[in-house]
Amino acid sequence: PISGNPEYPPYLWRDPHNPALLVGANVDLLQHVARQLGIDIAVVYSGPWSRAQEQVRNGRIDLLAGLFITQTREQTMDFIKPAFLTTASMVWVRRDDGFAYVKWDDLKGRSGGTLVNNSHGQAFDDFASANLNLEAVPSAHQAFEKLLHKRNDYVLFERYPGMALARTLGVEHKLQMLEPPVSAEGLYLAVSHNAPCNVAELRQRLAASMQEVAAGPLPAQWVMHNLQRWRSQNEPGTLPGKP
């Protein structure tokens with residue numbers, strides 16, 4: 001089975017018609033690749049993002065769809081290159097309560113929020129570990145709620161998933177993103193070292209397919225299509241991830 005972050009629109013989220021499955025741009029990508037390779041796939045909900053990563057480490061999940069490369073992850077997974085998309089991690093703040101920000105050092109001394117087991121790229125992760133005060137919570141919904149209740153000064157979250165979540169919560173007018181992004185990282189497929197299907201032939205075929213897809217317009221089209229799809233499924237004021 002294949003899984004990923006279930007709270008990650010427009011890349012991944014739970015199918016409102018079948019919450020055991022995930023839908024989104026990453027699923028569109030995988031279905032395209034699976035057709036090319038002549039294989040059948042299912043992208044399943046396996047719990048929160050932290051649990052999905054644990055299950056791929058122990059081999060209960062074969063592949064993860066859409067994650068950054070870090071040194072820790074490379075110890076338990078083989079990453080299929082190239083990346084199929086690039087996603088920007090942003091500093092989210094209350095609209096009327098921002099601060100001067102142009103570089104990472106500007107986050108020092110402030111209280112930040114992030115997600116459990118989330119990454120914003122190895123370089124920023126290393127900087128944050130040494131220099132920043134970050135509190136990790138299980139969900140982006142919780143992180144945004146804490147920000148809005150002034151329990152944190154900022155939240156680190158990606159551009160499009162943050163836009164989708166803010167719209168769903170009906171708080172677009174209360175939040176803003178500070179430029180520039182803290183990082184812009186590639187999203188990759190990763191195969192568990194403990195997956196029975198993790199053989200050189202499969203990795204090579206996946207890499208060849210990914211090379212072709214990443215060079216074309218389809219990934220960006222899938223993102224825009226699924227951003228609209230998410231918006232049509234989630235009216236403001238409803239909770240994200242609920243069927």
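The questions and answers below cover helix packing and aromatic pairs in this predicted model.

Me: How are helix 6 and helix 8 oriented to each other?
Reply: The axes of helix 6 (residues 159–169) and helix 8 (residues 218–233) come within 10 Å and cross at roughly 15 degrees. Angles under 35 degrees count as roughly parallel. Helix 6 and helix 8 are therefore roughly parallel to each other.

Me: Which residues of helix 8 make the contact with helix 6?
Reply: Helix 6 passes helix 8 in a right-handed crossing. From helix 6, the contact uses Tyr160, Met163, Ala164, Arg167 and Thr168. On the side of helix 8 the residues are Val223, Met224, Leu227, Trp230 and Arg231.

Me: How many charged residues does the contact of helix 1 with helix 8 have?
Reply: Helix 1 contributes Ala25, Asp28, Leu29 and His32. Helix 8 contributes Leu218, Trp222, Val223, His225, Asn226 and Arg229. By class, five of these residues are nonpolar and three are polar, and the number of charged residues is two.

Me: Is the pair of Tyr8 and Tyr11 stacked or tilted?
Reply: A search of the whole structure finds nine aromatic pairs. In the pair of Tyr8 and Tyr11, the ring centres are 4.9 Å apart and the planes are at 40 degrees. Stacked would need planes under 30 degrees apart, and edge-to-face over 60. The pair of Tyr8 and Tyr11 is therefore tilted.

Me: What kind of aromatic pair do Trp104 and Phe124 form?
Reply: Trp104 lies in the loop between strand 6 (77–94) and strand 7 (111–115), and Phe124 in helix 4 (residues 122–131), 20 residues apart. The ring centres of Trp104 and Phe124 are 5.1 Å apart. With 80 degrees between the planes, the pair is edge-to-face.

Me: Is Trp104 buried or partly exposed?
Reply: Buried means under 20% relative accessible area, and exposed over 50%. Phe124, at 1%, counts as buried. Trp104 has a relative accessible area of 28%, so Trp104 is partly exposed.

Me: Which residues form one aromatic cluster with Trp92?
Reply: The cluster is a group of aromatic residues that includes Trp92.

Notes. Residues are numbered from 1 along each chain as its sequence is written. This is a predicted model: local features need pLDDT of at least 70, side-chain atom pairs count only at pLDDT 80 or more; totals for chains, interfaces and linings use all residues. Side-chain values use heavy atoms; hydrogens and water are left out. Axes are lines fitted to C-alpha atoms, for helices over the stretch in contact, and angles run from 0 to 180 degrees between N-to-C directions. Helices (H or I, at least four residues) and strands (E, at least two) are DSSP runs, numbered from the N terminus. Angles under 35 degrees count as roughly parallel, over 145 as roughly antiparallel, 65 to 115 as roughly perpendicular and the rest as oblique. A crossing is left-handed if the near helix is turned anticlockwise from the far one by less than a right angle, and right-handed if clockwise. Contact means heavy atoms within 4.5 Å. Rings of Phe, Tyr and Trp (its six-membered ring) pair if their centres lie within 6.5 Å; planes under 30 degrees apart count as stacked, over 60 as edge-to-face and the rest as tilted. Buried means under 20% relative accessible area, exposed over 50%, partly exposed in between (1.4 Å probe, protein chains only). Ala, Val, Leu, Ile, Met, Phe, Trp, Tyr, Cys and Pro count as nonpolar, Asp, Glu, Lys and Arg as charged, and the others, Gly among them, as polar.
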